[in-house]
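Visitor: I am new to this structure. Could you take me through it in a few questions?

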Amino acid sequence: PAAHLKMALTDPARLDRVTPVGRPLSVADLPQLHALYAEAYPGNWFDPRMLRTGQYVGVHDGGALVAVAGVHVWSPAYRVAALGNVTTHPRVRGRGLGTAVVAALCHRLRDSVEHVTLNVRADNGTAVRLYERLGFTRVADYGEYILTGRPENQRPAG
């Protein structure tokens, strides 16, 4: 099992210390988004329907999409959002683009939600530090599991 952290944006004033960068993404950006995820974040939880929320922000460099931040959940009715599918292309990591694109998304979300959360692998120290710099704090630890088969003691009836 992979240890994960649930984090929440508890100090949104820290977002103002970062210059937000990025533009909203649409279905037209889907080919570049798939290419970025294949290169920088294989095994992600992206579903193209998530773009329909209008809550995906990306940064382009030389015409290529190189950084993205989006949501897994966005509910203006409940005033909550869960960030997800955040990544930066390996060739541009270390330039602050991940921080800037997450800040841009959080700024966009301010008008529609009060609570912003995210899940991150506990061993992804770079991402954890990025989120902490932006005002996120750890609120819970948990494990993620993938069920792959039926336990021996649960045979089908019949």
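Visitor: Over how many bridges do strand β1 and β7 pair?

Guide: This is a predicted model. In general, strands of a sheet pair through backbone hydrogen bonds, either parallel or antiparallel. Strand β1 covers residues 2-9, and its pairing with β7 is antiparallel. Within this stretch Leu-9 stands opposite Phe-136 in β7. The number of bridges between β1 and β7 is eight.

Visitor: Which are the edge strands of the sheet?

Guide: The sheet is open, has seven strands with mixed pairing, and runs in the order β2-β3-β4-β5-β6-β1-β7. An edge strand here pairs on one side only. The edge strands are β2 (23-24) and β7 (136-144).

Visitor: Helix α1 packs on the sheet; what angle does its direction make with that of β4?

Guide: Helix α1 spans residues 30-40 and touches β3 (57-61), β4 (64-75) and β5 (80-88). Its direction and that of β4 make an angle of about 100°.

Visitor: And helix α3, which strands does it touch?

Guide: Helix α3, residues 125-133, also packs on the sheet, with its direction at about 160° to that of β6. The strands it touches are β1, β5, β6 (115-121) and β7.

Visitor: Why do the buried residues of α3 line one face of the helix?

Guide: The buried residues of α3 are Ala-127, Val-128, Leu-130 and Tyr-131. Among the elements that cover them are β1, β5, α2 (97-109), β6 and β7. Seen down the axis of α3, the buried residues line one face because they fall within an arc of 160°.

Visitor: What is the phi of Gly-135, which follows α3?

Guide: Gly-135 comes after α3, and its phi is positive. The value is near 105°.

Visitor: Turning to the aromatic rings, how is the pair of Tyr-37 and Phe-46 classed?

Guide: The structure holds four aromatic pairs. In this one the ring centres are 5.3 Å apart, with 40° between the planes. Tyr-37 is buried, at 3% relative accessible area, and Phe-46 is buried at 13%. The pair is classed as tilted.

Visitor: Why is the pair of Phe-46 and Tyr-56 edge-to-face?

Guide: Phe-46 and Tyr-56 are 10 residues apart, in the loop between α1 and β3, and Phe-46 and Tyr-56 are buried. Their ring centres lie 5.7 Å apart.

Visitor: Which residues do ring pairs link into a cluster?

Guide: The cluster linked by ring pairs consists of Tyr-37, Tyr-41, Phe-46 and Tyr-56.

Definitions and conventions: Residues numbered from 1 in each chain as written. Predicted model: local features only at pLDDT ≥ 70, side-chain atom pairs only at ≥ 80, totals over all residues. Heavy atoms only, no water. Pairing = 2+ DSSP bridges. Helix = DSSP H or I, 4+ residues; strand = E, 2+ residues; numbered from the N terminus. Contact = heavy atoms within 4.5 Å. Axes fitted to C-alpha atoms, helices over the stretch in contact; angles between N-to-C directions. Phe/Tyr/Trp six-rings, centres within 6.5 Å; stacked < 30°, edge-to-face > 60°. Buried < 20%, exposed > 50% of the residue type's maximum accessible area, 1.4 Å probe, protein only. Arc of directions from axis to C-beta.
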